[in-house]
Amino acid sequence: MKKRAQQIKEQQSELNKELRKIQRKCSHKDQQVRFDYINKRHMWYCKECELPVRYPSDSELGKYLHS
Ligand SMILES: [Zn+2]
């Protein structure tokens, strides 16, 4: 019998595959600035597929921080 942690890792890799598939098909039309805790900076995220699309410009970031 497989260990639970091993099952979780397998499920994670399956889910990641599915996520990448969704992200490949997505046109990233609906984006939102959000803080990326891994890279410790803000990014534009696609609201549809959760892909970090690009870095915001300084003016975009200023708008976001003051809204
Ligand atoms: Zn997308």
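From the N terminus on, the elements of this chain run α-β-β-β-α. What you see is a predicted model. In total, the secondary structure comes to 2 helices and 3 strands.

Next, the overall dimensions. The radius of gyration of the chain is 16 Å, whereas the globule rule gives 11 Å for 67 residues, so the chain is more spread out than a compact globule. Along the principal axes, the C-alpha atoms fill a box of roughly 55 × 25 × 15 Å. As for burial, 3% of the 67 residues count as buried. On contacts: taking those with a separation of 6 or more, 16% are between residues 24 or more positions apart.

Strand β1 covers residues 31–36 and strand β2 covers residues 41–46. The two pair in the antiparallel sense, over 6 bridges. Which residue in β2 is the bridge partner of Q31? That partner is C46. The hairpin of β1 and β2 has 4 residues between the strands, and in this hairpin K40 takes a positive phi near 55°.

On to the second pairing. β2 also pairs with strand β3, residues 52–54, and the sense is antiparallel here too, over 2 bridges. Which residue in β3 does W44 stand opposite? Look at R54: W44 stands opposite that residue. Between the strands of the β2 and β3 hairpin there are 5 residues, and E50 in this hairpin has a positive phi near 70°.

Technical notes
Residues numbered from 1 in each chain as written. Predicted model: local features only at pLDDT ≥ 70, side-chain atom pairs only at ≥ 80, totals over all residues. Pairing = 2+ DSSP bridges. Rg over C-alpha atoms; globule rule 2.2 N^0.38 Å. Buried ≥ 20, exposed ≤ 12 C-beta atoms within 10 Å, placed from the backbone. Contact = placed C-beta atoms within 7 Å.
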